[in-house]
Amino acid sequence: MTADDYRAIADEFAAAIAAGRLRPGDRLPPLRRFAQRRRIADSTAARVYRELGRRGLTVGEVGRGTFVRTAPPATEPALAEPGGHRIDLELNFPVLPGQPALLARSLGTLLQQDDALAAALIPAGAAGTPAARELAAAHLARAGWAPDARRLLFAGSGRQALAAAFATLVPPGERLGVEALTFPVVKGIATRLGITLVPLAMDAHGVTPDAVRAAAPLRAVYLQPALHNPLGITMPAARRAELASTVRALDVSVVEDAVYAFLRPDLPPFAALAPERTVLVDSLSKRLAPGLTLGFLVPPDHGAAPDFAAALRSGAWTAAGFALQAAVRWLGDGTAAAVEADKRADAAARQRIAADRLAGQRLRADPRSYHCWWELPEPWRADTFVAAAARHGIAVTPSGAFAAGPGHVPNAVRLALASPPVDVLADALDVLAGLARRTPEDATPE
């Protein structure tokens, strides 16, 4: 066979799907059986299946096989923007009742005092101001760890801080290790920076040290040690210590995403174990509000802070002056701490609702998290369940959105619990539980 023959075979499948000879939900033969039937090499058969997946025609699921997709892939990437009139269990935007008024009161002096507003209208540098750094460092401190305020930098958001960290540590064409299921935005950032993502195998405790060693050489590893998105895993102390020894032995940097860590203030960050090679990234997006946020970047405990500051400036990722001044007031007068405490209680309450309304389902969730991972029952598949939920006006995220690389993904969806009012959340979960008890053929709106 020629090198392009696998594409011709994929074209045959595409034509069969378009003509209805292969229908949504149909399972393709196992790879080896398909190769035998077509009298082609296993490697060629694998290329056919990868090509079908790349075209969005099929989806592979761990332990189940490869299936024709229920619907064409969305034109917009998953988790991109909030949608229209729907119940949003796709994006986590935790804004509590009464929170806007509380934040507004805290901003009174900023809006009413000419000198304060004048300062907010001036562009903010990557290092902000000494007062801002001191307040941010005190606020990010937890479980005996605190960042060095002299080194702390500010970005427009946590995503921009991640981009600056990756741009500093991983040159174009080099390799960044990420959890096999990871924050989808990381995939987009890496693509735009020309960085190669390397999926790292995970177990019940998160990324395994063996996976990091097997993936070498890597320039850096991206980790979510606390309340991993989407799995909800919090990495235990022993695993953190072993990973710290591993990256130190391999001379690999770590980018730690701590955006959900405020929900677990009892745990120190990974940066406490490997401060000389860990970049910690956080933001006010989940802590306070996504619409007026601020990103934090804590460089490693050595002389590289100017490199990260240069990346923030060159990428136009520095914070806006108004956002920085607003954050200074929220951090300084206790408003931020009060909102975060309320959100910890809110997240726990929403997890209790999820556990009650989805009782009997295979959920993976930390009781303090704003999201949960749902391993779907037979005969459901992730894409058919997402489509069925959408027909009932509910948006959820399929496991494939989090996959760091090609191949089979778990048959699961992630539920983001933070955005709807609690009564709407409970009703939506009731609908989803009802769907799960039915078959895909019967799950149509009444």
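A cavity here is a set of grid points where a 1.4 Å probe fits but cannot get out. By that definition, this predicted model holds 1 cavity of 30 Å³ or more.

**The cavity**

- The largest cavity contains about 30 Å³ of space.
- Its lining is made up of Glu 179, Met 202, Gly 206, Gln 224, Pro 225, His 228, Ile 233, Thr 234 and Met 235.
- Sorted by class, that lining comprises 4 nonpolar, 4 polar and 1 charged residues.

**The largest nonpolar core**

- In soluble globular proteins, nonpolar side chains tend to be buried together.
- The largest nonpolar core in this model counts 33 residues. Leu 162, Phe 166, Leu 176, Tyr 222, Val 255, Leu 297 and Phe 308 have the most contacts inside it.
- Helices and strands both supply this core: strands S4 (153-155), S5 (175-179), S9 and S11 (278-283), together with helices H8, H9 (184-193) and H12 (305-314), each give two or more residues.
- Helix H8 provides the largest share, with 7 residues.
- Setting aside residues up to four places away in sequence, Phe 166 touches Leu 176, Val 186, Ile 189, Leu 193, Ile 195, Tyr 222 and Val 255.
- There is also a second, separate core of 30 residues, and Leu 140, Ala 326, Ala 327 and Ala 336 are among its members.

**Aromatic pairs**

- The model contains 6 aromatic pairs.
- One of them joins Phe 166 and Tyr 222: the ring centres are 5.9 Å apart and the planes meet at 80 degrees, so the pair is edge-to-face, given that planes over 60 degrees apart count as such.
- This pair ties together distant parts of the chain, with Phe 166 in helix H8 (residues 158-169) and Tyr 222 in strand S9 (residues 220-223), 56 residues apart.
- Phe 166 has a relative accessible area of 0%, so this residue is buried. Tyr 222 is likewise at 0% relative accessibility and therefore counts as buried.
- Trp 380 and Phe 385 make another edge-to-face pair, at 5.3 Å centre to centre and with 90 degrees between the planes.
- Trp 380 counts as buried because its relative accessibility is 0%, and Phe 385 is buried with a relative accessible area of 0%.

**Cis peptide bonds and positive phi**

- As background, most residues other than glycine have a negative phi, and most peptide bonds are trans. The residues below are worth a look with that in mind.
- Ala 216 and Pro 217 are joined by a cis peptide bond with omega at about 10 degrees. Pro 217 belongs to the loop between helix H10 (209-215) and S9.
- From Asn 229 to Pro 230 the peptide bond is also cis, and omega is near 25 degrees. Pro 230 sits in the loop between S9 and helix H11 (237-250).
- Arg 39 is not a glycine, yet has a positive phi of about 55 degrees. Arg 39 is located in the loop between helix H2 (31-38) and helix H3 (42-54), and is exposed, with a relative accessible area of 79%.
- Asp 251, another residue other than glycine, has a positive phi near 55 degrees. Asp 251 occupies the loop between H11 and strand S10 (253-257), and its relative accessible area of 57% makes it exposed.

**Parts of the chain brought together**

- Gly 334 lies in the loop between helix H13 (321-332) and helix H14 (335-357). Gly 334 is partly exposed, with a relative accessible area of 32%.
- The C-alpha atoms of Gly 334 and Ser 106 are separated by 9.2 Å, although the two residues are 228 residues apart along the chain.
- Ala 14, in helix H1 (residues 5-19), has its C-alpha atom 9.0 Å from that of Arg 55, 41 residues apart along the chain.
- Apart from neighbours within four places in sequence, Ala 14 is in contact with Arg 55 and Leu 57.

Terms used: Residues are numbered from 1 along each chain as its sequence is written. This is a predicted model: local features need pLDDT of at least 70, side-chain atom pairs count only at pLDDT 80 or more; totals for chains, interfaces and linings use all residues. Side-chain values use heavy atoms; hydrogens and water are left out. On a 1 Å grid over the protein atoms alone, a cavity is a set of points where a 1.4 Å probe fits but cannot get out, and a pocket is an open set with protein on both sides within 12 Å along at least five of seven lines; lining residues have an atom within 4 Å of a point. Grid points are joined across faces, edges and corners, and a volume is the space filled by probe spheres set on the points. Ala, Val, Leu, Ile, Met, Phe, Trp, Tyr, Cys and Pro count as nonpolar, Asp, Glu, Lys and Arg as charged, and the others, Gly among them, as polar. Rings of Phe, Tyr and Trp (its six-membered ring) pair if their centres lie within 6.5 Å; planes under 30 degrees apart count as stacked, over 60 as edge-to-face and the rest as tilted. Helices (H or I, at least four residues) and strands (E, at least two) are DSSP runs, numbered from the N terminus. Buried means under 20% relative accessible area, exposed over 50%, partly exposed in between (1.4 Å probe, protein chains only). A nonpolar core is a set of buried Ala, Val, Leu, Ile, Met, Phe, Trp, Tyr and Cys residues joined through side-chain atoms within 4.5 Å. Contact means heavy atoms within 4.5 Å.
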